[in-house]
Every structure is written in structure tokens, then in C-alpha cells.
Amino acid sequence: MLRAAYRIAWKDVVGDFRRRSTLSAMLFFAIAVLVVFQAAFEPDRQEANRLLPGLLWVTVLFTSLVGLGRVFQAEEEDAAFEGLLLSPMPRGVLYLGKWWGNLFLTLLVEILLLPCMLVLFNVDAWDRLHVILGILVLGTLGLTGLGVLLAALTQAARSRETLLALLLLPLVVPLLIAGVQATGIALTQNGNMLPWLQLLVIFDVVYLSMAPWGFGWLVEE
């Protein structure tokens, strides 16, 4: 079963690398947002430490929306989604494959984004880079897990990107708050990060335990 999910994820990632569609769109969007933020605020080092957690997670959120809006694009263009549903694999495996593919692309953008952000905002946190990346991974698990489920729900809608954003944003606000707080503590090294990390883990467990079941119910309907 996991091999089937891996093949779906591999198909999505390799297909995107060949088409240069989702990854390049996410990357260019993230860099554009960073440049605009930097030009708008022009923060000094102290202000950058204060602003960077919020700016980082806002950029991650909107960049994720760009990727989530294209999760089922290849199947829609080739009219292949019904073919996937006719396969004997459980719907949860199909969800896992689509989620893994989107998760890989999102994490790849974040790995490239974070060093650019530290350089652009002149933030000296290179010794804490692995901690911030760990926080990003925790937040991205839940963000993309729920996002792929909602992308399946909205894929047939005419204004699916708008509908996806309207559904996703209210549901991930607690996760974003936990991510911002944990990242701020990692940057300033002032405060207890553990409660915020526990909150991120709780959201990951809740979203990822319910999403495969919800995906199966959605595609059956």
C-alpha cells in the first residue's frame, strides 16, 4: 500500500519537475513576497527578529496555497482522476500519495526560502537554522495534510483557489499561531518553546488522522 502511495507521490514530483509548474510558481511567489516585505519594512536587525516569524509563516501559508491549488491539476488536465478512483487501491493510499508529493515540494521551497530570508533581513540565526527548519516541518505536516483534503473538496469548483483559501485559512489559524510563537522563541532564545511544539504536534495528529478518512468520503460522494 505504501509503495502505491510512494509511486503517486513520485509521479507528481517528477511530473512537476518536467513541467516546471508548481515548484517554480511557489518559489517565485515566495521570493516575490519576501522582496516586497523587505522593501516595505526595511527593518533593522532588532526589528527583523521581531517581524521575521510572522513574515515567514505568512509567506509559507500563501506559498502553500499556490501549491495546493495545483495538487490535482495534472489529473484534471488529463481527465485521469476518475481512473485513479477506479484503481483497487484504498482511497487513503491515494490521499497519502498526493499529500507526500505536495509535502515534498512545499518543504523543498521552505528549505530554499529560509536561508534567503535570513540573508535578506540580515538576521543572524544560522546556528538555529535546524531548529527553525524543524518547526517549519512540524507546521507544514498539518498545513499540507489538511490542505490536500480541502483541495480535493474544491477541485471541481469554478473558483477553487478562492474557495480553498476561504476554507483553509480559518482552520489553520491555531497552527500558524503556534508556528509563529515557536519560531519567535527559536530566534530570540527567550521563552519556553515546548508548549507551542506540543500544540503543533497535536494539530498534526488530528489533521493527519482524519484527513485520509475524509478524503475517502469526499471522493465517494
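1. A nonpolar core is a set of buried Ala, Val, Leu, Ile, Met, Phe, Trp, Tyr and Cys residues joined through side-chain atoms within 4.5 Å. Buried stands for under 20% relative accessible area, exposed for over 50%, and partly exposed for values in between (1.4 Å probe, protein chains only). The model is predicted: local features need pLDDT of at least 70 and side-chain atom pairs count only at pLDDT 80 or more, while totals for chains, interfaces and linings use all residues. Residues are numbered from 1 along each chain as its sequence is written, and side-chain values use heavy atoms, with hydrogens and water left out.

2. The largest nonpolar core has 67 residues. Leu 52, Leu 56, Leu 94, Phe 121, Val 123, Leu 168 and Phe 215 have the most contacts inside this core. At least two core residues come from each of helix 1, helix 2 (22–41), helix 3 (45–68), helix 5 (81–86), helix 6 (91–120), helix 7, helix 8 and helix 9. Helix 6 gives the largest share, 12 residues. Helices here are DSSP runs (H or I, at least four residues), numbered from the N terminus. In soluble globular proteins, nonpolar side chains tend to be buried together.

3. Which residues does Leu 56 contact, leaving aside its neighbours within four places in sequence? They are Leu 113, Leu 114, Met 117, Ile 132, Leu 136 and Thr 183. Contact here means heavy atoms within 4.5 Å.

4. There are 4 aromatic pairs in the structure. In one of them, Tyr 6 and Trp 10 are stacked, at 6.4 Å centre to centre and with 20° between the planes. Rings of Phe, Tyr and Trp (its six-membered ring) pair if their centres lie within 6.5 Å; planes under 30 degrees apart count as stacked, over 60 as edge-to-face and the rest as tilted. Tyr 6 and Trp 10 both belong to helix 1 (residues 2–19) and are 4 residues apart, about one turn of the helix. Tyr 6 is partly exposed at 47% relative accessible area, and Trp 10 is exposed at 52%.

5. The pair of Phe 203 and Tyr 207 is tilted, with 5.8 Å centre to centre and 35° between the planes. These two residues are 4 apart in helix 9 (residues 194–220), so about one helical turn separates Phe 203 and Tyr 207. Both Phe 203 and Tyr 207 are buried. Phe 72, Tyr 95 and Phe 215 form one aromatic cluster, and Phe 215 is also one of the residues with the most contacts in the largest nonpolar core.

6. How many salt bridges are there? The count is 4, where a salt bridge is a side-chain nitrogen of Lys or Arg within 4 Å of a carboxyl oxygen of Asp or Glu. Lys 11 and Asp 12 form one, with the closest N and O atoms 2.7 Å apart. Lys 11 is partly exposed at 40% relative accessibility, whereas Asp 12 is buried at 14%. A network of salt bridges links Lys 11, Asp 12 and Lys 98.

7. Asp 127 and Arg 128 are joined by a salt bridge at 3.1 Å, N to O, and Arg 128 is buried, with a relative accessible area of 13%. Arg 160 and Glu 161 are joined at 3.6 Å, N to O. Arg 160 is buried at 18%; Glu 161 is partly exposed at 47%.
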